Amino acid sequence: MPPIILSQQPLISPLTNPTQILSKLAIFDGVIWLNDQQNPVIGLCPRQLVQCRTSGVYHQQRQATGQLSPAQPSSMDFAQTAKHLWQVEQSNRWQSIKCQGFHGGLMGFIGYDWAAEHHLQTTPVFSPNATSIDPITASLGYYDIFFRLEAQGWQLYGNDCPSLAPLYQRIAHALNQPSPTYTLQSDRPFDPRWTRADYQAAFMQVQQYLRAGDCYQVNLTQPFECRVAGSLLAALDPLQHLTQAPYAGYLRLNAAQEILSCSPELFVEFAAHRQVITRPIKGTQPRYSDPIQDEQSKQALVTSEKDQAENLMIVDLLRNDLAKYAQIGSVHVPQLFEVESFAQVHHLVSEIHATLAADQSPLDLLLDALPGGSITGAPKIRAMQIIAELEAGRRGAYCGSMGYLNMDGTGRFNILIRTLERIGEQLTAWAGGGITIASDPDQEYQECLDKIGAILACVDQIAATQG
């Protein structure tokens, strides 16, 4: 396999805004944008793609046009198929460009539903939504063609081999076309699937489980829905401007399914020298425009014994998850209960480090550690069983993870919170929080609105304006 290098005739788009270039590249299925802090990247035309749907696991390959071949059923489950893809590409001769961020490997998402069903060995955890669409619950592709945002604009990288020349010409042609206009239209704003009374009833059932000793924390979430026409690309710029989300991402799976995440939370980073970092968020207070009130809200989080207790529970859970794959004695917590301020809320964030054992794969750790403990509760398996029993429907991509894994083992995956998922005409967003014995139902309900309210209002305004 030829190395991943800058092509002989560099293709550079002077556009810097991700939506401007994504709108031109959305003719290709599997287009993915990852904010990735200082190294934004757009992947397209995966060489191989593995997807899990409610109907089974499928494998596709890139055709000469860049589009994907018809989906072929896999004889293995998603985890086995993804690991096989990883092993096959690892065995190929490759040489990456020398840079930070993504430089050739796996990109995609793994939804909460797949991760929960994987651990609980149930199919499915929830009853499927009423839709004729066969939704994708996990998707990982091998991307050897991608754009990176550099000083001069979006720079194309890819294998420099003659067979790809027609595809590069098609990409260049797409970039030279006028930018298509994407809209998102709706005739009504988001509605919660639960009433406030429904939420409180589920909250009280969680409390019964906590008092019975089943769990000591359960992350209870609720969905907000509306019917739309159009694409989430119309909301990407406004939402990124609103949230300034450090781990944002967008994935166009196909014409019927998109994911747009404004996530502030890192799930796992695979750094150089087999270092592993996870940064769970647990503990929230709202932001205020008045500086004095905002500082008071921040200090309330700093001194909150309840929020610290919630955070510590998840830190212990994740220390255990990492320890299964780490060198003995390498797991440590350099940051505990630090307050980080985002656009809409203050969060309590901790950080856990470990060194991946020499005989372990980062992909194995990723697949086994999902879903992240910060969005399940603890103990994880019992918390997921309670979530499956009490929540109003499937979580879909929400509370899963989106990101990349380079072929050298480095990579970064977020937690898919503050996330929108469009399946057909149904657009869904979710919000929730960790419930403990000390939790108050009114405060927890308000925390849901603090987390997602501004995002819902932004999308409602877009949809009403363009409707």
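At what angle do α5 and helix α11 pack, and how far apart are their axes? In this predicted model, helix α5 (residues 196-212) and helix α11 (residues 441-466) meet at about 120°, with 10 Å between their axes. That angle makes α5 oblique to α11, and the crossing is right-handed. On the α5 side, the contact comes from Arg196, Tyr199, Gln200 and Phe203, while α11 brings in Pro441, Asp442, Glu444, Tyr445 and Cys448. Sorted by class, that gives five nonpolar, one polar and three charged residues.

Further along, α5 also holds Gln207. With a relative accessible area of 2%, Gln207 sits well under the 20% cut-off and so counts as buried. Setting aside neighbours within four places in sequence, Gln207 is in contact with Ile435, Thr436, Ile437 and Ser439.

Turning to the backbone, a couple of cis peptide bonds show up. One runs from Leu370 to Pro371, with omega near -5°; Pro371 is in the loop between α9 (362-369) and β23 (377-378). Another joins Ala378 and Pro379, with omega about -10°, and here Pro379 lies in the loop between β23 and α10 (380-390).

Gln244 has phi near 50° and belongs to the loop between α6 (233-243) and β16 (249-254). Arg418 likewise has a positive phi, of about 50°, in the loop between β25 (411-414) and β26 (419-423). Buried or exposed? Gln244 is exposed, at 53% relative accessible area, whereas Arg418 counts as buried, at 10%.

Technical notes:
Residues are numbered from 1 along each chain as its sequence is written. This is a predicted model: local features need pLDDT of at least 70, side-chain atom pairs count only at pLDDT 80 or more; totals for chains, interfaces and linings use all residues. Side-chain values use heavy atoms; hydrogens and water are left out. Helices (H or I, at least four residues) and strands (E, at least two) are DSSP runs, numbered from the N terminus. Buried means under 20% relative accessible area, exposed over 50%, partly exposed in between (1.4 Å probe, protein chains only). Contact means heavy atoms within 4.5 Å. Axes are lines fitted to C-alpha atoms, for helices over the stretch in contact, and angles run from 0 to 180 degrees between N-to-C directions. Angles under 35 degrees count as roughly parallel, over 145 as roughly antiparallel, 65 to 115 as roughly perpendicular and the rest as oblique. A crossing is left-handed if the near helix is turned anticlockwise from the far one by less than a right angle, and right-handed if clockwise. Ala, Val, Leu, Ile, Met, Phe, Trp, Tyr, Cys and Pro count as nonpolar, Asp, Glu, Lys and Arg as charged, and the others, Gly among them, as polar.
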